[in-house]
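Hello,

Please find the structure below. My notes on it follow.

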Amino acid sequence: MPRVSISHPRTAKVRLLEWFSSRKYGAVLQPLQVSMHNSRVLTTMIVTELTVGRWRSLTPTQTALATMVSAGDIGCSWCMDFGVWEHLNQGVDPVKLREVPNWRESAVYTDAERRVMEYASAMTQSPPTVTDEMVSRLQAELSEAQVVELTALIALENQRSRFNFAMGLTSQGFKASCDLADR
């Protein structure tokens, strides 16, 4: 149960945001509902997400693995739930998404994908445990621009996951609509 109310006065802005969220995602996203309590926070989050949505130097799989590992390490069930739905819709292999919680032991990942996940996990630790060697191994596979984008994406997922976890947001049922077990 969210730690703050997800109901709001039915202003034009609220109705517009709910309409857009429902149309794009099939439901009103709970982080959106929580953020509506502070219009400046809400605006910043929307602008950030719209901007990040245009980043394209990483593959959808690299993005998915980095963000899902980060969300999993933090323990954000909302982010894991939504992440599965979002990344399946972007064409990411469902087997790779299903194995994220066991990525260290799973045989489904390439060495390059493991380096991305190792980096995401190291960035998510408190304090972060990123090493020069980790970044050097990434740079063998990714350009400097891609390493910068990967780092920014993981940092953003840390923000999202920590916000959602602290606000008490849990699975909203997106993963259930994917029939992940059947893929």
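Arg-137 has a relative accessible area of 34%, so Arg-137 is partly exposed. The cut-offs are under 20% relative accessible area for buried, over 50% for exposed, and partly exposed in between (1.4 Å probe, protein chains only). This is a predicted model, where local features need pLDDT of at least 70, side-chain atom pairs count only at pLDDT 80 or more, and totals for chains, interfaces and linings use all residues. Residues are numbered from 1 along each chain as its sequence is written, and side-chain values use heavy atoms, with hydrogens and water left out.

Salt bridges

Arg-137 pairs with Glu-118 in a salt bridge, with the closest N and O atoms 3.1 Å apart. Glu-118 sits in helix α7 and Arg-137 in helix α8, so this pair ties together parts that are 19 residues apart in sequence. Helices here are DSSP runs (H or I, at least four residues), as are strands (E, at least two), numbered from the N terminus. Glu-118 is partly exposed, at a relative accessible area of 28%.

A salt bridge means a side-chain nitrogen of Lys or Arg within 4 Å of a carboxyl oxygen of Asp or Glu. By this rule there are six salt bridges.

Another joins Arg-115 to Glu-141, and its closest N and O atoms are 2.7 Å apart. Arg-115 is in helix α7 and Glu-141 is in the loop between α8 (132–139) and α9 (144–166), so the pair ties together parts that are 26 residues apart in sequence. Arg-115 counts as buried, at 19% relative accessibility. Glu-141 counts as partly exposed, at 44%.

Lys-96 and Glu-113 also meet through their side chains in a salt bridge (2.7 Å, N to O). Lys-96 lies in helix α6 (residues 94–98) and Glu-113 in helix α7 (residues 111–124), so parts 17 residues apart in sequence are tied together by the pair. Both residues, Lys-96 and Glu-113, are buried. For Glu-113 the relative accessibility is 12%. Glu-113 touches Thr-61, Leu-65, Lys-96 and Val-108 (heavy atoms within 4.5 Å). That list does not count residues up to four places away in sequence.

Glu-49, Glu-157 and Arg-160 are linked by a network of salt bridges.

The largest pocket

How much space lies in the largest pocket? About 1,400 Å³. Elements giving two or more residues to the lining are α1 (12–25), α2 (30–35), α3 (39–52), α4 (60–74), α5 (77–89) and α9. With nine residues, α3 gives the most.

The terms are as follows. On a 1 Å grid over the protein atoms alone, a pocket is an open set of points where a 1.4 Å probe fits, with protein on both sides within 12 Å along at least five of seven lines; lining residues have an atom within 4 Å of a point. Grid points are joined across faces, edges and corners, and the volume is the space filled by probe spheres set on the points.

Ser-7 lies in the segment before α1. Ser-7 is exposed, with a relative accessible area of 53%. Its side chain makes a polar contact of 3.0 Å with that of Ser-5. For such a contact, N or O atoms lie within 3.5 Å; within protein, one must be able to donate a hydrogen and the other to accept it, and residues adjacent in sequence count only if both atoms are side-chain atoms.

Best wishes
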